[in-house]
Amino acid sequence: MKAVVTVIGKDMVGILAKVADQCSKTNVNIIEVTQSVLQDLFAMIMLVDISGMNCPFTQLADQMAYIGKEMGLQIHVMHEDIFNSMHRI
Amino acid sequence: MINSRDILETITMIQDENLDIRTITMGISLLDCADSDLTRSCQKVYDKIGRCAKDLVKTGEEIEKQYGIPIINKRISVTPIAMLAGASGGDPVAYARTLDKISKEVGVNFIGGYSALVHKGFSAGDEALIRSIPQALCETDQVCSSVNIGTTKAGINMDAVRMMGKVIKQCAELTADRQCIGAAKLVVFCNAPEDNPFMAGAFHGPGEPDCVINVGVSGPGVVRAAVAKHPDVPLNEVADIIKKTAFKITRMGQLVGSEASRRLGVPFGIVDLSLAPTPAIGDSVAHILEEMGLESCGGPGTTAALALLNDAVKKGGVMASSTVGGLSGAFIPVSEDAGMIDAARCGSLSLEKLEAMTAVCSVGLDMIMIPGDTTPETISGIIADEAAIGMVNYKTTAVRLIPAIGKTVGEDLNFGGLLGYGPVMKVSTFSPAKFIARGGHIPAPLQSLKN
């Protein structure tokens, strides 16, 4: 099972570290990261493996959203199925 | 890996273009709750709904989190209560109170099925239920009511049409102190679908399984944004763009529906691939039509643009889902659509134009405020016209009019929330009283004889 973490907002020090730290705490394995900084806008898409996750999905989503709120960013965690079903036949 | 452009597209649709699942509606059959004793019957209804729907809201919220897609409403539809009222006798309002109570306890925001199917005539319980609708909708907050007065196969029951004119007026009068909200919870149908997840017309048809999950998607904002990216292409290409967008929206509905069905252990019914607007900015069906090139919704070209939209939504959606049902098409409610509200205000949209639009959209005259002094016969006349369009064209049509008691053309009603707000629209004052008073039955048209 995989999920997609997206982070969008103003660039600052430690975004990747905080998100990665949360992943490690919940035993979520990071598979791939793409990030870009356009002027000041930071956009990161992270594919993670949640098969070994040690908490319910909703808790992970809530914690990431909380980190986002603290740093003034938008962080979403979404199950990969939504992208697969929307964009693949 | 999933293409990052696709990921960002999905997130933009949800964040900026108001893409959401409009409703997960659990259909529950109450046929096994029928009892000759009214109190016992109500108790069985209360128990069964409580048992079937206890996890509905919680499951909806979990799915919302898992996929990051808002699910705006969790609702319940039940077997038309007239069938239970026919078995138990007594005052049907007792059922309405039961439905209201249990729907609040399980946490859903509407429960539909205070309904009667009388397209060919009245059976036991039907007349009593119809007469009780104003009282039921006045006393309850979440109960929605619908009456099917015609079908292509059976024709139009004009006695029922006559009754419904009065019932709609009474609903508004009894709730005049609450923006006439009673009438906003009542729909009169021709060719009512049995698996419609959208309120106020949802009920669980007698041909449906015991318990089922139906999903209604939304997304006018997404379609508008997609059309806006191609301002100068010919209309066949516009249709293609809408088809592709509708496909994506419906796939999401299919995913959420099947996941809800799996988690709740209830069979998955249908995806209703309707474009359901809300009064929020950027969530309007009228704005899609305007994006196609109309100055204002309701002007010349509107019916053609709507026909294109309605058809393209179906073509895109139908491949995306294993079972499509309900109303499936473009809704054109007035008070629930920012673009329609503006069009009604500026005078480009009239009741007559809306009637023409209903011949090519998915439902009918929806959420239209009419002057408070409109007579019951005139309301019945409007219902009959709308039912005739549905009957002849083999499609669902519906009427949800709200007589604004004490108000006249240009003044506003405001229901708040998804039901929205809007101006009172002008209604023709030429009387159909004699025609309506005749009663009887309009025979089924020739196209009903398909066997």
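Axes here are lines fitted to C-alpha atoms, for helices over the stretch in contact, and angles run from 0 to 180 degrees between N-to-C directions. Helices (H or I, at least four residues) and strands (E, at least two) are DSSP runs, counted from the N terminus.

## Ground rules

This is a predicted model, in which local features need pLDDT of at least 70 and side-chain atom pairs count only at pLDDT 80 or more, while totals for chains, interfaces and linings use all residues. Residues are numbered from 1 along each chain as its sequence is written, and chains are lettered from A and ligands numbered from 1 in the order in which they are written.

## A helix pair in chain B

Let's start with helices α4 (residues 81-88) and α6 (residues 126-139) of chain B, which pack at an angle of about 120° with their axes 8 Å apart. Angles under 35 degrees count as roughly parallel, over 145 as roughly antiparallel, 65 to 115 as roughly perpendicular and the rest as oblique, and α4(B) and α6(B) are therefore oblique to each other. Their crossing is right-handed; a crossing gets that name if the near helix is turned clockwise from the far one by less than a right angle, and is left-handed if anticlockwise.

From α4(B), the residues B:I81, B:A82 and B:A85 meet B:D126, B:A128 and B:L129 of α6(B), where contact requires C-beta atoms, placed from the backbone, to lie within 7 Å. This contact of α4(B) with α6(B) has five nonpolar residues, no polar ones and one charged. In this sorting Ala, Val, Leu, Ile, Met, Phe, Trp, Tyr, Cys and Pro are nonpolar, Asp, Glu, Lys and Arg are charged, and the others, Gly among them, are polar.

## The sheet of chain A

Chain A has an open sheet of four strands in the order β2-β3-β1-β4, with antiparallel pairing; two strands pair if DSSP finds at least two bridges between them. The edges belong to β2 (29-38) and β4 (73-79) of chain A, each with a single partner strand, so one side of each has no neighbour in the sheet. On average, neighbouring strands of this sheet are turned by 10° against each other, direction ignored.

With 17 C-beta neighbours inside 10 Å, A:A43 counts as partly exposed; a residue is buried if 20 or more other C-beta atoms, placed from the backbone, lie within 10 Å of its own, exposed if 12 or fewer, and partly exposed in between. Leaving out residues up to four places away in sequence, A:A43 touches A:I8, A:Q35 and A:S36. A:A43 and A:I8 are 35 residues apart in sequence, yet 4.6 Å apart in space from C-alpha to C-alpha.

## Where the chains meet

The contact between the chains takes 21 residues from chain A and 18 residues from chain B. On the chain B side, α1, α3 (56-67) and α10 (235-264) each supply at least two residues. That side divides into eight nonpolar, five polar and five charged residues. Helix α1 (residues 4-15) of chain B lies across β1, β2, β3 and β4 of chain A and runs at about 70° to β1(A).

Helices α2(A) and α3(B) also pack, at about 55° with their axes 9 Å apart, and that makes α2(A) oblique to α3(B). The crossing of α2(A) and α3(B) is left-handed. A:F57, A:T58 and A:A61 on α2(A) contact B:E62, B:K65 and B:Q66 on α3(B).

## A covered strand in chain B

Strand β6 (residues 186-190) of chain B is mostly covered, with five of its five residues buried. In a regular strand the side chains alternate between the two faces of the sheet. In β6(B), B:L186, B:V188 and B:C190 are buried on one side, and B:V187 and B:F189 are buried on the other.

Strand β4 (residues 143-151) of chain B pairs with β6(B) in the parallel sense over five bridges, and B:S146 has B:V187 as its bridge partner. Strand β10 (residues 397-404) of chain B runs antiparallel to β6(B), joined by three bridges, with B:V188 opposite B:V399.

Conventions: Contact = placed C-beta atoms within 7 Å.
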